[in-house]
Amino acid sequence: MKIEEIEKLKNEGVEHLPSKERRDFLRLGLVVTGVFAGGSILSLMSAKRGHADVEGIVLKQYSYKPHYSMVIRQDRCIDCQRCMDACVKTNHVPDYGYRTTILERELVIGPGSKQREFMPVLCNHCNRPPCVRVCPTRATYKDKKTGIVRMDIKKCIGCKTCMAACPYNARYFNEEIRAIDKCDFCWENRLSKGETLTACAAACPADVRIFGDISDPSSRVYKLVHEPERVVWVLRPETGTLPNVFYTKG
């Protein structure tokens with residue numbers, strides 16, 4: 001099969017490619033360009049077209065500058081909850097609400113053997129956010145410059161439609177302000193004031209949460225997401241929301 005024909009095939013995702021197969025692709029002269037911000041898509045491209053062409057194609061897929069994203073190195077999370085504490089303190093989150101939390105599950109890894117796994121979660125700042133589409137007053141919106149999904153609490157009528165639409169359960173009703181509250185990547189309390197990291201990323205002692213501009217090839221988030229041999233995934237890709245929070249291990 002010709003390289004041009006291979007490039008037109010439907011992508012099945014990097015998680016389905018064993019290491020040997022990935023190495024075979026490289027030997028055939030194909031470059032595995034990784035997963036881009038639009039979702040769990042693995043790109044294969046002929047090496048002869050060069051790295052510059054690959055970067056050019058990828059960069060055109062980012063709609064914002066900066067295009068804020070987060071990579072969560074899941075297996076490094078130890079559930080110390082310093083990220084949650086920092087978020088609460090920075091964003092004045094009440095006891096009954098949350099902007100970020102840590103899920104826990106127990107995996108069976110062998111006969112009589114289990115392993116506990118932690119998964120930090122937060123708003124995925126989707127490129128196609130269902131919450132924005134359903135809001136009747138446009139109180140929740142996608143920031144035109146940064147891509148962050150934000151709230152204008154003055155417009156919020158507390159109908160909770162956005163809560164029902166969110167596939168990540170990342171919103172709650174704040175009784176004090178009588179409006180929906182959610183993660184804004186610390187835009188109001190840190191980024192807009194010159195800080196470069198979210199409170200949760202800055203507080204993590206295990207370097208789990210990598211935050212930055214995924215449209216910048218020199219950023220850590222860009223390098224992690226585009227590393228050819230690295231498996232990267234998003235939560236609930238079947239919803240078509242195109243999250244900007246990615247997960248990986250290692």
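Leaving aside neighbours within four places in sequence, Met70 is in contact (heavy atoms within 4.5 Å) with Leu122, Phe185, Thr198, Cys200, Arg209, Ile210, Phe211, Val221, Asn244, Val245 and Phe246. This is a predicted model, where local features need pLDDT of at least 70 and side-chain atom pairs count only at pLDDT 80 or more, while totals for chains, interfaces and linings use all residues. Residues are numbered from 1 along each chain as its sequence is written, and side-chain values use heavy atoms, with hydrogens and water left out.

Met70 also turns up in the largest nonpolar core, where Met70 and Phe185 touch the most other members out of 29 residues. A nonpolar core here is a set of buried Ala, Val, Leu, Ile, Met, Phe, Trp, Tyr and Cys residues joined through side-chain atoms within 4.5 Å, with buried meaning under 20% relative accessible area, exposed over 50% and partly exposed in between (1.4 Å probe, protein chains only). At least two residues of this core come from each of strand 3, helix 4 (82-91), strand 5, helix 7 (199-203) and strand 11 (245-248); helices (H or I, at least four residues) and strands (E, at least two) are DSSP runs numbered from the N terminus.

Strand 4 (residues 100-110) and strand 5 (residues 113-122) run antiparallel and are joined by 10 bridges; two strands count as paired if DSSP finds at least two bridges between them. One of the pairings links Thr101 to its bridge partner Val121 in strand 5. The hairpin that strands 4 and 5 make has two residues between the strands, and Gly112 in this hairpin takes a positive phi near 70°.

Lys160, not a glycine, has a positive phi of about 65° and sits in the loop between strand 7 (149-151) and helix 6 (161-165). Lys160 is partly exposed, at a relative accessible area of 41%. Arg178 is not a glycine either, yet has a positive phi of about 55°; its place is in the loop between strand 8 (171-174) and strand 9 (179-182). Arg178 is exposed, with a relative accessible area of 51%.

Pro66 lies in the loop between helix 3 (50-59) and strand 3 (68-73).
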